[in-house]
Amino acid sequence: MVLKIFFPTCCNTADSGLLIGRWIPGQDSAVVLAVIHYPFIPGQVKKYLSETQNQSQVDLAVLGSWSLPKDGQEGMDSFLKDLSTIFPNSRWLQLSREIGKRGFACQVVHNRITPPDPAQGGTDKKDQIIFIHYDQRKVMLSQLHPIHEESPGEESSELRAVFHTVAQSGPLFLLDRYDEGPLKLTHWQSEGREASIVVELSKQASVPLCIVLTWLVLLSFQLFLYVVCCRILNIWPVQFISSKMSTCVQTAYRTNHFQTVFSTKKATSHMEFMRKANIFVSFLVDMSLGLLLVSWLYRENHISQLANTLVPVADHVAKELQELLEWLMGAPAGLKMNRALDQVLGRFFLYHIHLWISYIRLMSPFIEMILWYVGLSACLGLTFALSVLSDIVALLTFHIYCFYVYGARLYCLKVYGLSSLWRLFCGKKWNVLRQRVDSCSYDLDQLFIGTLLFTILLFLLPTTALYYLVFTLLRLVVVMFQGVIHLAIDLINSFPLFAMGLRLCRSYRLAEGVKFRVLCEEPGTPLHLMMEINPLKCSSVLQRYRTPTYSCYPRDSWVDLCKKLFMGELIYPWKHKTTKTD
């Protein structure tokens, strides 16, 4: 039988004393957490273990004795061995180390008075011992992945139990931080007990201050939500428009983040803590980038330069569309179009372009002032500035969207009309109630009218399809530009900056597993292994800790998108895949 002893590297040179730790239930493994130095009183040791168990909820026990030879302590080994009667266990570990050797000598003493404990793997057979050294600080602060909630009857793995035991033993390491007390221990924080009192007092004073600031921020924030969201945004036209604007969507998203970060409720799990930390760091980075953008916009009169550039660009786009329509009204690419329908559609769209040019000329004196106030939105973060930019692009290209809707509706009407009339020739019809195609018999008059309508729609389809194709391509260009902006917003909102920073700077905090290397293999001593933490992969960090955003919901697939474009159905970027439409 192999007995595994997880031994902290900080205790390799500890003075002689007692080993404090825990036997892993159902495993032949023991986790050493600390060494209590001699001299000590057994009653004080039992009282100390009882107090620590109540705080940490870990079944701590005296595993055995630790001996490091020193002058004046020649009979220490026999004294520590006799303590096994005071601290009864099915196994008593006697660990000793000689100066100049890296390996430990270990002897397992089986207590005949106490019956073997199945949780400790008690047996009379000769044990083969393996020492597994671990960095107690790294194991204490690390989180072993994958993270899953264990059911009450489920047995955790041996490695997960070791990590859990060390992580839950925080009170053991913090109880005697500032005073020596009746007992002296060696663990990973033993050398750092003399901490700065000023720093600790500052930490203690910052707690009530942060609570007061949090309550003040939450009170003002709740008042703002009640006045703005509950009163103004519940009006139907405002509610409809706000649901389609990127700025309002980003405001609602940041509002939920604000409530999560400044909530007074303490995080109860690792994932909840990481989510709060990622949101907080993302919020700080967003604000910093937004302030940098504001400083650039209002320095050297960049607002006026943008205003002087924006109006000519919008005017140029409108004129290019006018030239495109004039080209379509002729013989585009040598194609023979329906002259009457071509002229009607061309003049209809040219009228809208003239209206749009008049609108731009009317708004041009106020563009600089509008941009000046819009630039202040970057103080709320770079994502707000990008959302405003997306809405500005949508407003400046509203005429393109109107052309796309007109062309798509006309094309969709002809496509569905042709498909319905084709079913008429086949002797079938669409059953609206049963949502299926049924057989049907038609009269001669119905077939004649259907043939006439089918011929008219078929010959008018190329002209309508050409306008639909041109305006759909223009609409897709605008949607792709807005998509790039939304990807940048989504990257800032969802990227786990805190988790990625831990992965790069403190890779042991996010552990994917462990690896072992041989530390010492001396004759006459057990095998010594060193347990090292394997950090979580960067791709796994992104996948696990990425913050869900409004763009993480399922969208239409490429096949569905192509089908909609072919059939002339409108493409709404803000609609989700599960949205039902008539």
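## A helix pair and some annotated spans

In this predicted model, α11 makes a right-handed crossing as it passes α14. Two packed helices are described by the angle between their axes and the distance between the axes. Here, helix α11 (residues 339–363) packs against helix α14 (residues 398–425) at an angle of about 160°, and the axes are 10 Å apart. Angles over 145 degrees count as roughly antiparallel, so that's the label for α11 and α14.

Who touches whom? On the α11 side you'll find L345, F348, F349, H352, I353 and W356, and they meet F398, H399, F403, Y406 and L410 of α14. Sorted by class, this contact has nine nonpolar residues, two polar ones and no charged ones.

Now for the record: the unreviewed UniProt entry annotates "transmembrane region" over residues 212–236, 279–298, 344–363, 370–397, 403–426, 447–470 and 476–499. Two of those spans look like this in the model:

| Span | Helix | Strand | Distance between end C-alpha atoms |
|---|---|---|---|
| residues 447–470 | 100% helix | 0% strand | 34 Å |
| residues 476–499 | 92% helix | 0% strand | 36 Å |

One last stop is a loop. Most residues other than glycine have a negative phi. Q57 isn't glycine, yet its phi is positive, near 60°. You'll spot Q57 in the loop that runs between α1 (42–56) and β4 (61–67). Is Q57 buried or exposed? With a relative accessible area of 64%, Q57 is exposed.

Methods: Residues are numbered from 1 along each chain as its sequence is written. This is a predicted model: local features need pLDDT of at least 70, side-chain atom pairs count only at pLDDT 80 or more; totals for chains, interfaces and linings use all residues. Side-chain values use heavy atoms; hydrogens and water are left out. Axes are lines fitted to C-alpha atoms, for helices over the stretch in contact, and angles run from 0 to 180 degrees between N-to-C directions. Helices (H or I, at least four residues) and strands (E, at least two) are DSSP runs, numbered from the N terminus. Angles under 35 degrees count as roughly parallel, over 145 as roughly antiparallel, 65 to 115 as roughly perpendicular and the rest as oblique. A crossing is left-handed if the near helix is turned anticlockwise from the far one by less than a right angle, and right-handed if clockwise. Contact means heavy atoms within 4.5 Å. Ala, Val, Leu, Ile, Met, Phe, Trp, Tyr, Cys and Pro count as nonpolar, Asp, Glu, Lys and Arg as charged, and the others, Gly among them, as polar. UniProt positions are given in the numbering used here, feature names are shortened, and annotations may be inferred rather than shown by experiment. Buried means under 20% relative accessible area, exposed over 50%, partly exposed in between (1.4 Å probe, protein chains only).
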